[in-house]
Amino acid sequence: MSEMINNRERAVQEKSERQQLLKEIIKELHEGKSVSEVKERFTKAVDQVTVSDISKMEQALMEEEGISVEEVQRLCSVHTEVFKGSIEEIHQKEGPEHAQGHPVHTFIQENKEIDRHVNFTLKLHRDQFEKDEAEETVNKLINDLTKLLEIDNHYSRKENLLFPYLERYGIFGPTKVMWGVDDRIRAAVKEARNLLTNGTWNKTDLLKSLDYIISEVSEMIYKEEHILFPLALEKLTEDEWLKIEREGDVIGYTFIDPPEVWQPERADLGNPFLKDGVVQLDTGILSVPQLELMMNHLPVDITFIDENDTVRYFSHGKERIFHRTKSVIGRSVQNCHPPQSAHIVNDLLDDFKSGKKDVEDFWIPFKDKYVLIRYFAVRDGEGNYKGTVEFTQNIKPVQEITGEKRLMS
């Protein structure tokens, strides 16, 4: 028993020492040592480095050592070169991430196409441009860089779908660093393309920019596949991967067709949330009190009638424009209006049901307010009419807005 405890304590001590060593190596790079100097020391001192080690080290550099996110971003490309060949592969066995449609599988398929585009097509045309600045070669580079702008889909899915889940596990360092590098790549591609399009390039600077793009995109592929994805696979649950996969189409893909739907054998995304008092929506999960509070705090009045013209819901904010009572719930909407205006209601609903219109707006002065009333036809994925939403807002305060107020004003 004591031997087991000693082994555990020794492992903890070794991990702590390894973390400290990693920080020292990166700080040495920060202070100007060459990659070759550091790599030699690194190889002698450390046999294996896990993705968790790298993640914690980056976070510690920012939180404990006070090194800025921007500086860690600069060092990131350097220390990736140091770590190459030494990162422990913690997911070598065939797992769900190798299945068609799994987000990691999709990311990797995109990376193969991205790598082919930058290291074959773009590099080929870059080398041709170095020898000859012919118009045909310039146009090829413009087309290459225009196509490469599609990498935004790959990076945006990573940043807006994967990063939020990692941050739930307290992993902020790698996400901040990687997002910053992504943005620099995006900016470099746009700048190089603009220079070529406008014919305002300096050949030496443009070649450096193209080399930077090729290098950084290639390095990002390596960081994703050897650091980010293994770390995410270690942390995220199958349900979390499912949610990421289901949202992928919203953003889009880079150089590949939308993948087939991933459906693990045991997956049932709804089961954990199907309980009393909880509403599962496509874009989130809310308790009934949360949902009601949210709707009642909107600065607008909302009423919904179903496809049978029956009133099913209205929000109940503090300052309703037109008063509603709960007695209207379950009542025909025609009976909620004066007889002389019933034909207007019917004409509007007929237009919505027939597909002639999807929206109708009215605006009227009302007491001390100026009221915008909007009606929207609600349709399902096949376009079938499922009801109408009434949206009412006092727009007088909006009309009085002048100048500008920025977020931090």
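**Close-up 1. D309 in the loop between β3 and β4.** D309 is found in the loop that runs between β3 (301-306) and β4 (311-314). In this predicted model, D309 takes a positive phi of about 70 degrees, although it is not a glycine. Is D309 buried or exposed? Its relative accessibility is 10%, and because buried means under 20%, D309 counts as buried.

**Close-up 2. F255 in the loop between α10 and β1.** Here is another residue worth a look at the backbone. F255 sits in the loop between α10 and β1 (278-281). Its phi is near 65 degrees, which is a positive value in a residue other than glycine. With a relative accessibility of 18%, F255 counts as buried, since the cut-off for that class is under 20%.

**Close-up 3. Helix α7 packed with helix α10.** Two packed helices are described by the angle between their axes and by the distance between those axes. For helix α7 (residues 151-168) and helix α10 (residues 238-251), the angle is about 150 degrees and the axes are 10 Å apart. That angle makes α7 roughly antiparallel to α10, because angles over 145 degrees count as such. The crossing of α7 past α10 is right-handed.

**Close-up 4. Residues where α7 and α10 meet.** Which residues of α7 meet α10? From α7 come N153, S156, R157, N160, L161, L162 and Y165. On the α10 side, their partners are E240, W241, K243, I244, E247, G248 and I251. Sorted by class, this contact of α7 with α10 has six nonpolar, four polar and four charged residues.

**Close-up 5. Helix α8 and the glycine just after it.** Helix α8 covers residues 173-198, which is 26 residues. At 1.5 Å a residue, α8 should span 38 Å, and its end C-alpha atoms are 38 Å apart, so the two values agree. Just after α8 comes G199, with a positive phi of about 70 degrees.

**Close-up 6. The chain around these views.** To place the close-ups, here is the setting. The protein chain has 13 helices and seven strands as its secondary structure. How many of its residues count as buried? Of the 409 residues in the protein chain, 40% do. Among contacts between residues at least 6 apart in sequence, 63% join residues at least 24 apart.

Technical notes:
Residues are numbered from 1 along each chain as its sequence is written. This is a predicted model: local features need pLDDT of at least 70, side-chain atom pairs count only at pLDDT 80 or more; totals for chains, interfaces and linings use all residues. Side-chain values use heavy atoms; hydrogens and water are left out. Axes are lines fitted to C-alpha atoms, for helices over the stretch in contact, and angles run from 0 to 180 degrees between N-to-C directions. Helices (H or I, at least four residues) and strands (E, at least two) are DSSP runs, numbered from the N terminus. Angles under 35 degrees count as roughly parallel, over 145 as roughly antiparallel, 65 to 115 as roughly perpendicular and the rest as oblique. A crossing is left-handed if the near helix is turned anticlockwise from the far one by less than a right angle, and right-handed if clockwise. Contact means heavy atoms within 4.5 Å. Ala, Val, Leu, Ile, Met, Phe, Trp, Tyr, Cys and Pro count as nonpolar, Asp, Glu, Lys and Arg as charged, and the others, Gly among them, as polar. Buried means under 20% relative accessible area, exposed over 50%, partly exposed in between (1.4 Å probe, protein chains only). The expected span of a helix is 1.5 Å times one less than its number of residues.
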